[in-house]
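Hi,

Here is the structure I promised to pass on.

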Amino acid sequence: MGKPIQGTLWVVATIGAILTTGSVMAKCPGGVQKMVVPAAAGGTTDLVGRLIATKLSVRLDEPVVVENKAGAGGTIGAAQVAAAKPDGCTMLMGNVGPNAINYSLHKKLAYVPADLIPVTDVFAVPNVLVVNPGVPAASVAQLIELARSQPGRLALANSGTGQSTHMTAEMFRLQTGVDVIQVPYKGNAPAVADLLAGQVQMMFDNVAVSLPHIKAGKLRALAVSSAQRVEALPDVPTLSESGLKGFDVSAWFGLFYPAGTDAGQVESLHRDVVAILQDPVVRRQISNWSGVPGGRSPADFGRYVESEIDKWREVVRSAHLAAQ
C-alpha cells in the first residue's frame, strides 16, 4: 500500500523523474502487455480499452491483451493493477468511478490514490437518460411525474456503485426528489441488457453504449447530462434545459500504471496514447461515441484526478451516501 497523493509534491516529483529518465520500453514476460478493464465486456470502459489496446499493439509491435475484471464499481480491477508488479507490463483503463468517486463511497479500499500513477486521460463522454419504450414518459418532466406517482416502484439501473452512471442518478434524485430503486450491475452492458428486456425501467448510461439502441428505437432518450447537447443526439435536450438547472456531468476514462513504474515508461505510454488519439480513425470513433479526446500529460492528469476526487467527495456528502 502506498500513501495518499500529496498534491504538488507528488506532481513535482513525477515531473522531475520524467525529465531525468529516458524513454523506457517495457520488456514483458512472453512479450505481452496487459490492460485491465475494471468492467464487463461491451461497456464504455471496455470499448475504449479495446480501441486503445488494439492501436497500442500495432505501435509497440507487442500484443496488449485486455483482461476484464468487473465488480464493486470497478474497484476490483483497480486493486489488481495497484498490486501488480511495477514493470510497465500491466496498465489500468480506469475511469471516474474507481479512480475518483469510490474513494469517498468506501470506508476502506484495497488501494489508495498513490497506488496508481496517472498516465493520461483518453476521453470523456456525457451520460444520457434512457428509458425502456414501454415506460409512458416522453420527457424528463413526464418521467418525474410518473416516478412521483409511483414512489419506490420504478427501477433505475447503473453500471456499478460509484460509477458515473450511479452518481449522475444520485444527483438527479437529489434535484428532483423522486423515490426510485437504484439497481447496480457489473458494467454498462448487463445493465442495458436488462433495460432492453424491461427488467428495469430507466438508466443514466454513457452515450457510447446506448446510442445504437436509441437509433434503433429500442431505447428512448430523454436528456443528456452534459451542459451542451451532443452532436449524435441533436434533438435530445440537456437535463439543464429540462428543468434541472446547472446539471453537468461527464464520464472520463484514462490510463494508470502501478505505483513505482519507471517514469520513463510512464512518459513513453503517454506519448504513444497521444499519438493514437491523433489518428483520424480513432478520433472519428470517439466522435461517434459523442466523446472528447484527452491526452493530458501525466502531471496534468494527476492534478485533474485529484480535483475529481475532491468534487465527488462533496457530491457523496451532499447525497448522504454513507461510506461502505
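To start with the sheet pairing: how many bridges join β5 to strand β6 (residues 181-184)? The count is 4, and the two strands run parallel. For the terms here, helices (H or I, at least four residues) and strands (E, at least two) are DSSP runs numbered from the N terminus, and two strands pair if DSSP finds at least two bridges between them.

Before I go on, two notes on the numbers. This is a predicted model, where local features need pLDDT of at least 70 and side-chain atom pairs count only at pLDDT 80 or more, while totals for chains, interfaces and linings use all residues. Residues are numbered from 1 along each chain as its sequence is written, and side-chain values use heavy atoms, with hydrogens and water left out.

Back to β5. Alanine 155 has isoleucine 181 as its bridge partner in β6. The chain gets from β5 to β6 by way of α6, in a β-α-β crossover that is right-handed (with the strands pointing away from the viewer, the path from the first strand over the helix to the second runs clockwise). β5 also pairs with strand β7 (residues 202-206), in the parallel sense over 2 bridges, and there leucine 156 stands opposite methionine 202. From strand β5 (residues 155-158), Ala155 and Ala157 point one way and Leu156 and Asn158 the other, and all are buried (under 20% relative accessible area, with exposed over 50% and partly exposed in between; 1.4 Å probe, protein chains only).

The overall picture: the chain has 11 helices and 10 strands. Its radius of gyration is 19 Å, close to the 20 Å that the globule rule gives for 324 residues, so the chain is as compact as a globular protein of that length. That radius is taken over C-alpha atoms, and the rule is 2.2 Å times the number of residues to the power 0.38. Along the principal axes, the C-alpha atoms fill a box of roughly 60 × 40 × 30 Å. Buried residues make up 55% of the 324. Of the contacts (heavy atoms within 4.5 Å) between residues at least 6 apart in sequence, 78% join residues at least 24 apart.

β3 is mostly covered, with 6 of its 6 residues buried. Thr90, Leu92 and Gly94 point one way from β3, and Met91, Met93 and Asn95 the other. Strand β1 (residues 33-37) pairs with β3 in the parallel sense over 3 bridges, with lysine 34 opposite threonine 90. β9 pairs with β3 in the antiparallel sense over 4 bridges, and phenylalanine 253 in β9 is the bridge partner of asparagine 95.

Asparagine 95 turns up again at the start of α4, where one of its side-chain oxygens reaches to within 2.7 Å of the backbone nitrogen of glycine 97. Is α4 itself enclosed or open? 10 of the 10 residues of helix α4 (residues 96-105) are buried, so it is largely enclosed by the rest of the structure. The cover includes α3 (75-82), β3 (90-95), β4 (116-131), α6 (164-176), β9 (250-258) and α11 (298-318).

Two polar residues to look at:

- Aspartate 121 sits in strand β4 and is buried, with a relative accessible area of 8%. A polar atom of its side chain lies 2.7 Å from the backbone nitrogen of arginine 296 (polar contacts are pairs of N or O atoms within 3.5 Å; within protein, one must be able to donate a hydrogen and the other to accept it, and residues adjacent in sequence count only if both atoms are side-chain atoms).
- Serine 139, in the loop between β4 and α5 (140-149), is partly exposed at 24% relative accessible area. Its side chain reaches the backbone nitrogen of glutamine 142 at 3.1 Å.

Cheers
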